[in-house]
Amino acid sequence: MKRSGFVVACLAWLVLVAAIAQAAGAPRAWLDRSTMRLGETVTLNVETSDTGASAPDFAPLAQDFDLGATQSSQQVSIVNGVRDAKMLWAVALQPRHEGKLTIPPLTVGGARTAPLELEVQAAAPPAQAGGDVFFEVDAQPRNPYVQQQVRYTVKLYYAVDLTGGNISEPKASGLAAKHLGQDRQYVATVAGRRYQVVEQHYALTPERSGTLQIPALQFRGTTLDLRDPGSFFSRGREVGAQSQAITLEVRPQPADWPAGAPWLPVASLLLQDQSALPSEVHVGDAVTRTVRMQAQGAGFEQLPELQLHAPTGADVYPDKSETSTRDDGDWLYGQRIRKFAIVPNRTGSVSVPGVRVSWWNTQTDRLETSELPPQTITVLPAAAGTPAAVTPPAASAAADASAGSTAGVAPTASASSPYAPLLADSQARFWRLVAALLALGWLATALGWWWMRRRPQRPIEPAAAAPASASAQRAAFLRACALGDLAGAERALVAWSRSERSEVRNLGELAQRLADDAQGSALARLQRARYAGAPADGLATQLQAAFQRGIAWLPAASPQQRHDALPALYPPRD
């Protein structure tokens, strides 16, 4: 019997593994958007990990769609030595009629994709298609509550070849705007004319109630006529468009909203426990409760802080919340995750309270409440050899950080706590250890200072500077002369001379050591042009010709003052 039971368990395990593998390799299908207008195109993507699979049969779609060209691609990635390959097919679909259409399951490599839903709205009004470029903008809802997300959609239609352009962003006083996702591009037919479309989505959040107007958007761009060969050599023709302004009637928060509760108007709200509490714990054992809250239609900044009040017989130490905001191209999704350390301090039954969040459902226009139920934990005596309830270091740090700001959170230790002597003794041992370490550090410093004083001191010799390359400096000088850069020629000439005579520091000292009259004359003219405003016509050519063959030095053993050198700055007095 035991053997047969083992065999049955093995078979069940193999079936489970096969099911998981099949689910992991199952193909998936998705649309680049779920809502569109009649006359536009939408892209259907089908992906599978079976690289040997044939292309899916898109024939069942012909009943509701006109099919465009199909494109395919293969993607290969290697992560931690594991190779992953996928095949992707993409086909453009143009709906034949309005309504909610269904993309039926498609067969790929012996498996089937899940069905998809697509909402097709009425075609764009012909009056909007008045030229080569035009806008279509929409905002939903038009009568939002204050701080409620408004989905603002921008569509730019153009029937010309654009070489560049810019669409302004929605801006208004008392309105926060955030661009969502990536811009979408597709083809649409409006009033019998074919247009390219750029679609953008924004999340608009009105910050005050009353009438709020979203100004018209502007587009400015340039276009070329590809049929005209001469257009490639012109700057192109400027084109532009302007959208309609949209007015919002922003409502204040309803009168029946609970007084004192944080105002939270969202489309949906998820509140869940991410960790299960044990049914039994011992005194002093810390357990963690992780609570997650996610709202559709709001950033994390709008979500209230999660709170968990301390129950009778236990202390609660909240951690700092983890916050994030993401979007799916249409909605904002704000999220808060917070951990609470619960430490029972006595035996018996402890009832951990629930978590309650009130929010206004903007889809149904009514007040709703999400709540996590309370949980009961049985607390057993402390295990043998385990000291009485001592607050974990992490929980103590969290408690210190939030002390005085969270209602119902007990301090780490108090005079009335039965564990205060134990904590005080631990703190005393800690500070005695710190004092001993500081004393050892001071003693090591004193010994090191005494040893350094007794060592014989050696003079520090400066490191020899690496000799500069005379050929490189000469090339830099000649290049500056060829470019007519007198300042660069001066710097390169001084560096060149120092690479051959290290005692030369400026043009004046170089002039005293030149043996060639042509070089001395060119150098004197360079100084007058640089520092006396003298004309410099042809000076760069003169310098290049004078120093082309190198610097003509006086004999190193008998330096003398040349007649053409600059006079001394402070001549001696008689």
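What share of the contacts in the protein chain with a separation of 6 or more comes from residues 24 or more positions apart? The figure is 68%, with contact taken as heavy atoms within 4.5 Å. The structure is a predicted model, so local features need pLDDT of at least 70 and side-chain atom pairs count only at pLDDT 80 or more, while totals for chains, interfaces and linings use all residues. Residues are numbered from 1 along each chain as its sequence is written, and side-chain values use heavy atoms, with hydrogens and water left out.

On the secondary-structure side, the protein chain carries eight helices and 29 strands. Both are DSSP runs numbered from the N terminus, helices being H or I with at least four residues and strands E with at least two. Of the 574 residues, 36% count as buried; the cut-offs are under 20% relative accessible area for buried, over 50% for exposed, and partly exposed in between, with a 1.4 Å probe and protein chains only.

Leu-486, Gly-488, Ala-489, Glu-490, Ala-492, Leu-493, Val-494, Trp-496 and Ser-497 are the buried residues of H5. What lies over these buried residues includes helix H4 (470-483), helix H6 (507-511), H7 and H8. As background, an α-helix has 3.6 residues a turn, so residues three or four places apart point the same way.

How do the axes of H5 and H7 sit, and at roughly what angle do they cross? They come within 11 Å and cross at roughly 130°, the axes being lines fitted to C-alpha atoms, for helices over the stretch in contact, and the angles running from 0 to 180 degrees between N-to-C directions. H5 and H7 are therefore oblique to each other; under 35 degrees counts as roughly parallel, over 145 as roughly antiparallel, 65 to 115 as roughly perpendicular, and the rest as oblique. The H5 and H7 crossing is left-handed, meaning that the near helix is turned anticlockwise from the far one by less than a right angle, with clockwise giving right-handed. On the H5 side the contact has Leu-486, Ala-487, Glu-490 and Leu-493, and these meet Leu-523, Leu-526, Arg-530 and Tyr-531 of H7. By class, that contact has six nonpolar, no polar and two charged residues. Here Ala, Val, Leu, Ile, Met, Phe, Trp, Tyr, Cys and Pro count as nonpolar, Asp, Glu, Lys and Arg as charged, and the others, Gly among them, as polar.

H7 (residues 517-531) also packs on H8 (residues 539-546), at an angle of about 150° and with the axes 9 Å apart. That makes H7 roughly antiparallel to H8. H7 passes H8 in a left-handed crossing, and the residues in this contact divide into eight nonpolar, three polar and one charged. Among the H7 residues that meet H8 are Leu-523, Arg-525 and Leu-526, while H8 brings Leu-539, Gln-542, Leu-543 and Ala-546.

Most residues other than glycine have a negative phi, and most peptide bonds are trans. Between strand S10 (133-140) and strand S11 (150-158), the loop contains Pro-141, which is joined to Gln-140 by a cis peptide bond with omega of about -5°. Gln-147 lies in the loop between S10 and S11 too. Though not a glycine, Gln-147 has a positive phi of about 70°, and at 32% relative accessibility it is partly exposed. Ala-191, in the loop between strand S13 (175-190) and strand S14 (193-206), has a positive phi of about 55° and is exposed at 60%.

Some pairings bridge sequence gaps. Thr-153 of strand S11 is buried, at 17% relative accessible area. Leaving aside neighbours within four places in sequence, Thr-153 is in contact with Glu-136, Val-137, Asp-138, Glu-199, Gln-200 and His-201. Asp-315, in strand S23 (residues 314-318), is buried at 16%; its C-alpha is 6.3 Å from that of Pro-344, 29 residues apart along the chain.
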